[in-house]
Amino acid sequence: MISPETSKEILNEAKALTSEVYKDIAKPALQEVGSVAGRTVKALLFPIRGMLWGWEQIEIIVEEGVKKKFEKIPEERRKSPEPEIAVPLLQALTYTAQNETLREMYINLLANSMDKDKEKVVHPSFVEIIKQMNTLDAKVFEKISQSFHYQRIINPSIAIKNTNKFIGSAVPDWYIGWTIEGYNEFDVSASLVRISKFGLIELMLDRTAEKEGYDELKNTQYLIEKLNVFTIANQNMELEIKGTDSIVYVNEYGKQFKSACQ
């Protein structure tokens, strides 16, 4: 259950936000918008109250989750977690515990921080990385980190034949040939860029390890269907699929993150 103090904070923030909306009450148009916002802010914030877990709930989740991994750690390797890892991690769990994917990463990270043999791979910055992730990012990283080798990826385009022109935003910037259930190829492309900015992977444009396999990427059903759609919509143009051969791989920092959070 959320504490009374936290409830007061939420309500105070809602009141502050409502006050901001009403700043320029001299303007009728804004006055009308403010009225609508004033009626809905509290309602929109209300569901968040149920997502802010109290320490009692977090303690149960953490104890049950960590126990499974902790029992596999030999007695001589067990230790208390470093506060710079445990404290922000537990704080983050107060609002992410309902997300099973992220919760599992936090639990694994905490459990590994209690293993002396994992000291070299567990780092406080990993807590911040998970905090910036959403479910898609976690699943994309999990899939891509199943291999630590260079992986083929392309930067495709629907190009106009015999010109240097192409149709903008027709296909994702980065295309790896797979997606995650519930998400599309554009979502995965954006996720790959985010994960690279987290410092876990390297997206290397116009770099290849081997030439084989790129033609298959450029001729997947997804890209062929995209080409057909734009061909029908632009019958006065002769279009084709082009793509820059590139690579993506999990770097050393990403490997440590994987080890610490699995």
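## Strands, cores and a buried asparagine

Asn112 touches Lys69, Lys118, Val122, Ser259, Ala260, Cys261 and Gln262, leaving out residues up to four places away in sequence; contact means heavy atoms within 4.5 Å. The model is predicted, so that local features need pLDDT of at least 70 and side-chain atom pairs count only at pLDDT 80 or more, while totals for chains, interfaces and linings use all residues. Residues are numbered from 1 along each chain as its sequence is written, and side-chain values use heavy atoms, without hydrogens and water.

Asn112 belongs to helix α5 (residues 100–112); helices (H or I, at least four residues) and strands (E, at least two) are DSSP runs, numbered from the N terminus. Asn112 counts as buried because its relative accessibility is 5%, where buried means under 20% relative accessible area, exposed over 50% and partly exposed in between (1.4 Å probe, protein chains only).

Strand β4 (residues 239–250) takes part in the pairings below. Two strands pair if DSSP finds at least two bridges between them.

A nonpolar core is a set of buried Ala, Val, Leu, Ile, Met, Phe, Trp, Tyr and Cys residues joined through side-chain atoms within 4.5 Å. The largest has 47 residues, and Leu109, Met133 and Phe257 are among those with the most contacts inside it. Helix α5 gives the most to this core, with seven residues. Another core, of 15 residues, lies apart from it and includes Tyr222, Leu223, Leu239 and Ile247.
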